[in-house]
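Dear colleague,

I am passing on the structure below, together with notes on what turned up when I went through it. Please have it open while you read.

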Amino acid sequence: MSTSTDHGRPDPEATSPAANSDGRPVSDRGDTVCVIGAGASGLTAIKNLREHGFGVDCYERETGVGGAWNWRHDRSPVYASTHLISSKPFTQFPDFPMPDSWPDYPHHGQLLSYFERYADHFDLRSHIWFGTEVIRVQPVEGDRWDVTTRSTGGYGPERTARYAAVVIANGHNWSPKLPRYEGLEQFRGEIMHASSYKDPAQLRGKRVLVVGAGNTGCDIAVEAAQQASRCWHSTRRGYWYAPKYVLGRPADQVNDSLLALRVPLRVRQWLYHWTLRLTVGDLTRFGLPKPDHRVYETHPIANSQLVYYVGHGGIGPVPDVARFHPYAVELADGREIDPEVVVFATGYLPRFEFLDASVFGDSAGAGRPTLWLNAFTPGHPTLAVAGLLQPDSGLFTLSHWQTVLFARLLQARRDRPERATAFAQRVRDRAGERYSGPVKDSSRHWFEVGHADYLRAIQRALVELEGK
Amino acid sequence: MRGREWSRPVRPARREVLSAVPELEEGRPPLLFVPGFGHGAWAFAEHWLGHAASRGFPAYAVSLRGHGGSEPAPEATLRAYAHDVVQVAASLPRQAVLVGHGAGALVVAHALARYPARGAVLVAPVFGGWGVLGAALRRNPAGTLPAVFGGPLRLNRGQLFSSELPDEEARRYVGRLGRAGRRAQWALLGEPEAESAVGAPPVLVLGSPDDRVVPASTLTRVARRYGSAPLLFPGMGHDLMLDARWEEPIDAILDWLEKEPVGPGGHVRAVGGQPPAWWTAGLPAGVAGWGTRASEPVSVLVRRLIRPPPSSRARR
Ligand SMILES: Cc1cc2nc3c(=O)[nH]c(=O)nc-3n(C[C@H](O)[C@H](O)[C@H](O)COP(=O)(O)OP(=O)(O)OC[C@H]3O[C@@H](n4cnc5c(N)ncnc54)[C@H](O)[C@@H]3O)c2cc1C
Ligand SMILES: NC(=O)c1ccc[n+]([C@@H]2O[C@H](COP(=O)([O-])OP(=O)(O)OC[C@H]3O[C@@H](n4cnc5c(N)ncnc54)[C@H](OP(=O)(O)O)[C@@H]3O)[C@@H](O)[C@H]2O)c1
């Protein structure tokens, strides 16, 4: 056995010249598939497409793999202490397990080494162009795509290559969502978005206000409780703070034991409330607001320490921010506090700046495409998005199966076109479908999926594509 | 959805892995040898690991939990064994070829559903079922009967080795045999069907028609499941890696790996030249020659060797 090297990198000199609509040269890459991004989702796309016999060119704007988990990357949202919130079996790729010797909730550095090993094990790096940014993706005749790239940072010439299909795996946790407030410009303290928070030293000895109680906000509030001289934590609603362990096992595994038994949502909600009552009890006695929703109706927070530090008085829960004054922050209940540092852990928004929003059925350009299985676009059978999900589990198993489905779809286009056509019809009929129970209306829940519902939907799609 | 993999992951266990790595990295895929029940990694360390390394293949052997130098695990299941194999395979630097012997071949078959191996080799595969038990009861009633009731399975020299192997060596090997978990032994009776392999790896099946554990009919049946015919090494016992002529089967495996340049997706690149004698050893008379066309899945290619279409007959 020798390693295969047939699908090299695109070489504009060696390929037949064609021209695109503005008359610039395009190198035709034949049946090759283009993957945008070499984060977790991009890597599994390369692996699965290769495994199904396709050639792949992947473009990555950074100089290494791992995307968000590579904290050397300028857009990486991870901070020094980031540990997984989903336990190992919820996070790993289904065909490449994390080592037994790792803890239940590994550190972000371990995750990076996991992706690097995945890339080396399956020999993926030889298909990746590092330091190359995709700046335009345009549909052309025959369901093919012109992909224009240049060196990251805008240096060097633009190059366009034509591909049989495109997988967009550019991630959706890098473009900060910053709320607007009256008086923010006049505020004299330091303000930052969580994406630029890297190390607790940034908080040491200061009075800190953390806004937002996603997993990021909760982690940072806990670090502020340990390092800062004072910590306020502002949330615009109450939440369910789940511990990382219950009944002696990682909490997500316990929940999945119930899912496997198909215990109904209402019963699981009741069990959950009951377990909480047995442990921390009613959180409103600490001044935390009562949740305005049932558990599982907001993206799950897995943090055993937040409630602990609230109980120690290290974290002071406060309501939403009303406005900023030069030396104070006014809260919704009229109180004023005087933080020196404000950290906005208000989440991220998806961005597809290289694609005309209409391709995605996102005419408003809000970054919220209308897709089937959060992956397939009506009218564009050779385009797929990988990883545009906010699961109540780890993401990577889901990206894995998304890209397996896409690879099988491309095979069907070649071998059994009538099945691919039927698939395209289902994409049109079902675009916009949701795969979770009811969730609170917020941009953070645009892509919220229940992993079990979602995986079953993918499985059905695979069976419909390939079954008798 | 594999609910159990999410909610009830296999409990980790300390594993013994022995290896022999070539001095010069030649870009060949690593081999991971998986011993059958009762055997440990030592069974491959005797000859095959070193031999594979001397031909440029990095070679590793794992002791399934409860075997050899791995952690004791009397309650181990087949699923736990497959977990051990996938864990070691994923820890290797590159995509590995899994080589399972005896019931280790069944473990490999299960592991293939959880790990996209580069290829797989099933040596004297024990896939379970009452037939295997019957054969074992006939040949070695005293050693087998206790296993039916959850006791240890005691294999004897006659079952494992040919008479060519010097007595003293045979005794030494038999003395090192351990036992598999009770639940895993029982699982064998149920002929546990493995989920299909991921990534469509090419699979080679080999064994001996004179194996007293695995009847030749089983070899054919297992090989057919993977769309091929078994390679046969007459005159050898069940433990092909320890028996007197251990070199022939391992050379055959390495030749197969060298001659079948398989890329991801299991496609044959270039096939040519005359096959060595072992290639045709297990095939019906009248069939000789590699397959012909490039880029055809291996399984198809081998199936064609069994029932050659007119074109390949004409070529002879
Ligand atoms: C603090 C934090 C913790 C998290 N913890 C978990 C967790 O515990 N479990 C979990 O499953 N998920 C977690 N997530 C979600 C996380 O986003 C995913 O785990 C994962 O990183 C997503 O992988 P991806 O490949 O889809 O995107 P990314 O990792 O963002 O990778 C996208 C890649 O595409 C590249 N790229 C983008 N645009 C272009 C372009 N135009 N041209 C070329 N390349 C481009 C980027 O450089 C990047 O390498 C966490 C997120 C954050 C912020
Ligand atoms: N492994 C880990 O340890 C880890 C750590 C961090 C993050 N993550 C993951 O990374 C992803 C992003 O998480 P995130 O915490 O950065 O973002 P997020 O989940 O989107 O949370 C944003 C928080 O900010 C609040 N918010 C948003 N806009 C606001 C506004 N205008 N005013 C006031 N509050 C506002 C939200 O409140 P509403 O609920 O009202 O919208 C929410 O509490 C998630 O998938 C998360 O699970 C994982």
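Leaving aside neighbours within four places in sequence, which residues is Asn303(A) in contact with? Before the answer, two remarks on conventions. This is a predicted model, in which local features need pLDDT of at least 70 and side-chain atom pairs count only at pLDDT 80 or more, while totals for chains, interfaces and linings use all residues. Residues are numbered from 1 along each chain as its sequence is written, chains are lettered from A and ligands numbered from 1 in the order in which they are written, and side-chain values use heavy atoms, with hydrogens and water left out.

With those neighbours set aside, the contacts of Asn303(A) are Cys218(A), Asp219(A), Val222(A), Ala242(A) and Pro243(A), where contact means heavy atoms within 4.5 Å. Asn303(A) sits in the loop between β17 (301-302) and α7 (305-312) of chain A; helices (H or I, at least four residues) and strands (E, at least two) are DSSP runs, numbered from the N terminus. Asn303(A) has a relative accessible area of 6% and is therefore buried, a term that stands for under 20% relative accessible area, with exposed meaning over 50% and partly exposed in between (1.4 Å probe, protein chains only). A polar atom of its side chain lies 2.9 Å from the backbone nitrogen of Gln305(A), and the side chain of Asn303(A) also reaches the backbone nitrogen of Leu306(A), at 3.0 Å.

His325(A) is a second residue to look at, and its place is in strand β19 (residues 321-325) of chain A. With a relative accessibility of 26%, His325(A) counts as partly exposed. Not counting residues up to four places away in sequence, His325(A) touches Phe187(A), Glu330(A) and Glu336(A), and its side chain makes a polar contact with the side chain of Glu330(A) at 2.9 Å. A polar contact is a pair of N or O atoms within 3.5 Å; within protein, one must be able to donate a hydrogen and the other to accept it, and residues adjacent in sequence count only if both atoms are side-chain atoms. The C-alpha atoms of His325(A) and Arg188(A) are separated by 8.4 Å, although these residues are 137 residues apart along the chain.

Turning to the domains, the assignment for chain A gives domain 1 (4-175 + 349-466) and domain 2 (178-346), with bounds that come from an automatic or database domain assignment. Taken over C-alpha atoms, the centres of domain 1 and domain 2 of chain A are separated by 31 Å, and the contact takes 29 residues from domain 1 and 31 residues from domain 2.

Of the 26 residues around ligand 2, His83(A), Thr216(A), Tyr239(A), Gln390(A) and Ser442(A) come nearest, a residue being near if one of its heavy atoms lies within 4 Å. Oxygen atoms of ligand 2 are found 2.7 Å from a polar backbone atom of His83(A) and 2.7 Å from an N or O atom in the side chain of Ser442(A). Taken alone, ligand 2 exposes 920 Å², of which the protein buries 89%; accessible areas come from the Shrake-Rupley method with a 1.4 Å probe, and for residues only the protein chains shown count as cover. Helix α4 (residues 215-227) of chain A gives the most to this shell of ligand 2, with three residues.

For ligand 1, the nearest of the 29 residues around it are Ser41(A), Glu60(A), Ala68(A), Asn173(A) and Leu395(A). An oxygen atom of ligand 1 is 2.8 Å from a backbone N or O atom of Ala68(A), and an oxygen atom of ligand 1 is 2.9 Å from a polar side-chain atom of Asn173(A). Ligand 1 exposes 990 Å² when taken alone, and the protein buries 93% of that. β6(A) gives the most to the shell around ligand 1, with three residues.

Finally, in chain B, nine of the nine residues of helix α5 (residues 103-111) are buried, so this helix is largely enclosed by the rest of the structure. The buried residues of α5(B) pack against β2 (31-34), α4 (78-91), β4 (97-101), β5 (119-123) and α10 (182-189) of chain B.

With best wishes
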